Amino acid sequence: MNIERKLTLIYFILGIGMGILSNYLDIMLSFAIGAALYAISFFVVKRFENSGKKLSWYVLNTLLTFVLVWLITWIFLFNL
């Protein structure tokens, strides 16, 4: 499995987890925890992965996946 698929899968799972957690928390606390979770996971992934890609590539690909999956999961659970 190549690095793009691994990163997408990691941030997809983190986004679902954060969406479920956000359903039970206050809005501001959800955004704060989400930002912290993304920042921590970003630096962990960046440290263990050395493919030579630029920092902007990582931010654009991982942030988009994380935020979209997080918000879709949160909205879906909020409307149940």
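Which residues make up the largest nonpolar core? Before selecting them, note that this is a predicted model, in which local features need pLDDT of at least 70 and side-chain atom pairs count only at pLDDT 80 or more, while totals for chains, interfaces and linings use all residues. Residues are numbered from 1 along each chain as its sequence is written, and side-chain values use heavy atoms, with hydrogens and water left out.

**The whole chain**

Begin with a cartoon view, where the protein shows three helices and zero strands, in the pattern α-α-α along the sequence; helices (H or I, at least four residues) and strands (E, at least two) are DSSP runs, numbered from the N terminus. The C-alpha atoms fill a box of roughly 40 × 20 × 15 Å, taken along the principal axes. Of the 80 residues, 26% count as buried, where buried means under 20% relative accessible area, exposed means over 50%, and partly exposed lies in between (1.4 Å probe, protein chains only).

**The core**

Now select Leu7, Tyr11, Met18, Tyr38, Phe42, Val45, Tyr58, Phe66, Trp70 and Trp74, the ten residues that make up the largest nonpolar core. Such a core is a set of buried Ala, Val, Leu, Ile, Met, Phe, Trp, Tyr and Cys residues joined through side-chain atoms within 4.5 Å. Helix 1 (3-22), helix 2 and helix 3 each supply at least two residues of this core, and the largest share, four residues, comes from helix 3.

Next, centre the view on Met18 in helix 1, which counts as buried because its relative accessibility is 2%. Leaving aside residues up to four places away in sequence, Met18 touches Ser30, Ile33, Gly34, Leu37, Phe66 and Trp70, a contact meaning heavy atoms within 4.5 Å. From C-alpha to C-alpha, Met18 and Gly34 are 6.5 Å apart in space, and they are 16 residues apart in sequence.

Move on to Ser41 in helix 2, which is buried at 12% relative accessibility. With residues up to four places away in sequence not counted, Ser41 touches Tyr11 and Leu14. Under that rule Phe42 touches Tyr11, Leu55, Tyr58, Val59 and Thr62.

**The aromatic rings**

A search of the whole structure finds eleven aromatic pairs; rings of Phe, Tyr and Trp (its six-membered ring) pair if their centres lie within 6.5 Å, and planes under 30 degrees apart count as stacked, over 60 as edge-to-face and the rest as tilted. Select Tyr11 and Phe66 to see an edge-to-face pair, 6.4 Å centre to centre with 85° between the planes. This pair links distant parts of the chain, since Tyr11 lies in helix 1 and Phe66 in helix 3, 55 residues apart. Both Tyr11 and Phe66 are buried. Ring pairs also link a cluster, whose members include Phe31, Phe43 and Trp57.

**The surface**

Finally, switch to a surface view and select Ile27, Met28, Phe31, Leu71 and Ile75, which make a nonpolar patch of about 490 Å². Helix 2 (27-48) and helix 3 (55-78) are the elements that give two or more residues to this patch, and the largest share, three residues, comes from helix 2. Patches are made of residues with over 30% relative accessible area and no salt bridge, with like charges joined within 9 Å and nonpolar side chains (Val, Leu, Ile, Met, Phe, Trp, Tyr) within 5 Å; a salt bridge is a side-chain nitrogen of Lys or Arg within 4 Å of a carboxyl oxygen of Asp or Glu. End at Met28 in helix 2, which is exposed because its relative accessible area is 63%.

Conventions: Areas by Shrake-Rupley, 256 points an atom, 1.4 Å probe, with all protein chains shown as cover.
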